[in-house]
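Please go through the notes below with the model open beside you.

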Amino acid sequence: MKIKYYWVNTFIIQNDKVKIAIDPGQNVYLFELRTLLPKSEWSSITHILVTHGDPDHYWQADRVAEAAKAPIICGKNLVKQVGSETLLLGPRSRGIQYNTHVEEVYPLDVGEVVDLKEFQVKGLKAVHGPIKLKLFFGLIKLEIKTGPGERIGLGGIGFEIKIGGKVIVNLGDTLLQKEWEGLKPDVLMIPIGGRVVKNTMGEEEALEAVKLISPKMVIPCHYNCDALWIRKLNPADDEMFKREVEKMGIECKIMKNGEEIQI
């Protein structure tokens, strides 16, 4: 089985039966606007998992689904029944508009399981934090809140993926949750870039999560990303994080954009 990383929280999990894309979003750096999942990968995707509705995780999901004729598995709050039609939150719409049709979608709640024969997905609790920014050398402070009626973090959910005798956990964008204790996956994909922006765990909270979850391997993600006009909007010290994880006797793999590993 292979895992490939395309920055932020965009991953591909692939074996000889399926090719799963997680969070096919948009690079939102104004000077390099592009799809995070390269278009060369789109048509071969068999399934799409979406952790929440933010552009850097969700922007291209419907387009990849159309190109690949692939189903989408996502949090239930990204989906709404409108008459006889099941519609997704518009990936590129302003505000909260359910106006996007896809052929096949599986809404998932925490604790629910979707069995797709080749693999299973269970919903895990994920809570997206507010986005806190300091602009112009700290002269302006901005907080973008989450919650009912807000677009940021909408549909937030983590995934426990059972595939080919392995268990892979991807937490999306989330703060630390005690409910993860004892998951013990083979691979944990965990955000570490919330030290400044506060929308996810920072390094210290992520280390606490690793202790709770007890994985065999950890892949840090969603950090040092360029966004808007800012370089490394969500900074993190990945080498320090790796050292501390390895002190627990757990393997930690820092993946670069486009890198692939075997598990």
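1. Pro130 touches Glu143, Ile144, Lys145, Thr146, Val197, Lys198 and Asn199, leaving aside residues up to four places away in sequence. Contact here means heavy atoms within 4.5 Å. Pro130 sits in the loop between strand E13 (119–124) and strand E14 (131–135). Its C-alpha atom is separated by 7.9 Å from that of Ile152, 22 residues apart along the chain.

2. On provenance: this is a predicted model, where local features need pLDDT of at least 70 and side-chain atom pairs count only at pLDDT 80 or more, while totals for chains, interfaces and linings use all residues. Residues are numbered from 1 along each chain as its sequence is written, and side-chain values use heavy atoms, with hydrogens and water left out. Helices (H or I, at least four residues) and strands (E, at least two) are DSSP runs, numbered from the N terminus.

3. Asn170 is in strand E17 (residues 166–170). Its relative accessibility is 0%, so Asn170 counts as buried. Buried means under 20% relative accessible area, exposed over 50%, partly exposed in between (1.4 Å probe, protein chains only). Its side chain makes a polar contact with the side chain of Asn9 (3.0 Å). Such a contact is a pair of N or O atoms within 3.5 Å; within protein, one must be able to donate a hydrogen and the other to accept it, and residues adjacent in sequence count only if both atoms are side-chain atoms. Other residues that Asn170 touches include Phe11, Ile22 and Met189.

4. Helix H5 (residues 203–213) buries Glu203, Ala206, Leu207, Ala209, Val210 and Ile213. Seen down the axis, these residues fall within an arc of 160°, so they line one face of H5. The arc is that of the directions from the helix axis to the C-beta atoms. Glu204 and Lys211, on the other side, are exposed. Cover for the buried residues includes strand E18 (187–191), helix H4 (194–197), strand E19 (217–221) and helix H6 (238–247). Just after H5, Ser214 takes a positive phi of about 55°.

5. In H6, the buried residues are Asp238, Met240, Phe241 and Val245. They also fall within an arc of 160° down the axis, so they line one face of H6. E18, H5, E19 and strand E20 (251–252) are included in what covers them. Asp237 caps the N-terminal end of H6, with a side-chain oxygen 3.3 Å from the backbone nitrogen of Glu239.

6. Leu33 lies in the loop between strand E4 (26–27) and strand E5 (34–35). Leu33 is exposed, at 54% relative accessible area.
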